[in-house]
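Here are my notes on this model, for reading alongside the coordinates.

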Amino acid sequence: MKITNLFSIAAVSLALSATSCIKEIEPQNSTVTGEQAGNAPGSFNNFVAAITSSLNGAFTYSGGDNAVYDFGYPSFMLMRDVMGQDIATEDGNEWYSTWYGCGTGLGPQYAVSQYPWTYYYGWIKSCNTVITLSGETPEGEKKTGAGIAYAMRAMFYMDMARMFAPATYAKDKEAPTVPIILENTKLEDLPNNPRATNEVIWAQILSDLDKAEENLASYKRENIYTPDLSVVYGLKARAYLTLEDWANAEKYAKMAQSGYTAMNKEEYTSRTNGFNTPNNSWIFGLTFRSTDPNILRNDGDSSWGSQMIIEVSESGCGYAANYGTPKRIDYHLYQTIPATDFRKNCFVDFAIDQMETKDEQIAALAVYSDVPEGLLTTAETTASMTVGGLELKFRPKNGEHANQYAAFTVAVPLMRVEEMMLIEAEAAGMQSEGRGIELLTRFAQLRDPEFEYGKHASENYGSTYATPFQNEVWWQRRVELWAEGFATFDIKRLDKGIIRNYAGTNHNPNNLWNFGGYDVNGNNIYPNWMDLCIVQTETNYNSACTNNPTPLKPADNSPEYQW
């Protein structure tokens, strides 16, 4: 869908109904009047709660029931991950095909470019409101509220910097990111608000995290759906990883782990609670509630569960389970996971498709699911009609297989201790490789007791920017954090290409691209569709705002890559 007047779209309906688009913000200067605050039920605490309670979306972008990817923050996780190679889709009508297939549909004149603009600046608006209401020297509940707002604003700008910048901070401090709007930004400044450089925006992010750390020092949260000090440490670890400040990345990743433990095999592969219920490895997350519009309307099909939970074929609903568009693990990545690594059990073995009888297949699928016949039902709705690579990482709530309204009311992890363990290992290894290998091995053996370091060091995907040690860490991140939103961030910071066409590939036959290597000047080529375009209406009304080039997808499929 091509939008001719994006400013005609309704403004984000969060705490104060606002976005960064110039014609939609009320109030435009990111402040809130005393009258507005006084009229809000619950006043200050409601503004604070809105920051995190809105992360699961509520048709925020479109307002319509049938906008299937309009379910908030987890949808951006999938958008980023399908751009690479680790998630394979096979249907050109798949809801995430614009991001998977890339090309001009990601350009500034098209609807999908408005999507991050609407959501992220709406969330930032809510943060700015709370910071304004907190005052310069907040106390009590306002101190806590300010800390939450600073932490979340840092997280949002961190995401946007990594999504929109054509180069990471470590490669180009002057690369443009996005315009910054703070609580004290004035209305008259918006038409001349340039994209902040990497140097400027990351300084702002770290400043916000410092303030969050100060204000949340004594805060004890009730659940993991609100950021506390451990989340702040985790966000600092992510920031310093991107900046390649290895000492600080290691320091804060280690601090973030305090009080948490990695998931064991039973937790990781649980058929009732697997990646749908917080446990002691989850540092931060969100949850879909039974009263959410994304669950109640459109048969629950406009939700994370509809996209990621396949064990609800009995319900007749769900894009993954019943409408032919499940997400699969990349065939090559699956083949590189040893049988002794329990994470492999989260994905259906491709060999099952070669079995001669349905009874044999059902018996084999029973190893993965309590509803093995349902996995065959799911497969029959897909273009390939195969079960190989289907993901069972994200399970229905409480093992519910018939009622999608109950099955889809799941929690989604936004930060886990395992991510922090891998950041610590990478950061340590970039200072002392031996120490990094020791930490990485210790982590990997929690998943595979027979892990041997060195098997993935040479898989550089067309780039020599990353060291062989980082390639090993990257492989662990790809398997451990599959579909949790880190794929493009890692590809960009490590200068990786993507490989989709090779013998046995399970990627969409129209998108079999191998993209990477170096140009004639020795510059690394990573897929430029991972540099998101800014919606055209922003550049029309903000004269200082430049844009990234409209991405062009490769004209033809690539020759098969030889591993």
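1. Two strands pair if DSSP finds at least two bridges between them. Helices (H or I, at least four residues) and strands (E, at least two) are DSSP runs, numbered from the N terminus. In this predicted model, G285 has P413 of β4 as its bridge partner. β2 and β4 run antiparallel and are joined by 5 bridges.

2. The ground rules are brief. Residues are numbered from 1 along each chain as its sequence is written, and side-chain values use heavy atoms, with hydrogens and water left out. As the model is predicted, local features need pLDDT of at least 70 and side-chain atom pairs count only at pLDDT 80 or more, while totals for chains, interfaces and linings use all residues.

3. Strand β4 spans residues 411–416. It is largely enclosed by the rest of the structure, because 6 of its 6 residues are buried (under 20% relative accessible area; exposed is over 50%, partly exposed in between; 1.4 Å probe, protein chains only).

4. Confidence is given as pLDDT, the predictor's score for each residue from 0 to 100. The chain averages 91, and 91% of the residues score at least 70. Helix α17 (residues 417–429) has the highest mean, 99. Helix α1 (residues 34–39) has the lowest, 49. Over residues 1–32 the pLDDT is below 50, yet beyond near neighbours in sequence this stretch has 99 contacts in the model (heavy atoms within 4.5 Å).

5. On a 1 Å grid over the protein atoms alone, a cavity is a set of points where a 1.4 Å probe fits but cannot get out; a pocket is an open set with protein on both sides within 12 Å along at least five of seven lines; lining residues have an atom within 4 Å of a point. Points are joined across faces, edges and corners, and a volume is the space filled by probe spheres set on them.

6. What lines the largest pocket? Its volume is about 440 Å³. There are 22 lining residues, with A49, T52, Y219, Y225 and T226 nearest the centre. α2 (43–53), α6 (141–164) and β2 (282–287) each give two or more. α2 gives the most, 6 residues. The lining divides into 7 nonpolar, 10 polar and 5 charged (nonpolar: Ala, Val, Leu, Ile, Met, Phe, Trp, Tyr, Cys and Pro; charged: Asp, Glu, Lys and Arg; polar: the others, Gly among them).

7. The search finds 10 cavities of 30 Å³ or more. Of its 15 lining residues, D81, D86, R478, F486 and A487 are closest to the centre. α19 (468–480) and α20 (487–493) each supply at least two. By class, this lining has 8 nonpolar, 2 polar and 5 charged residues.
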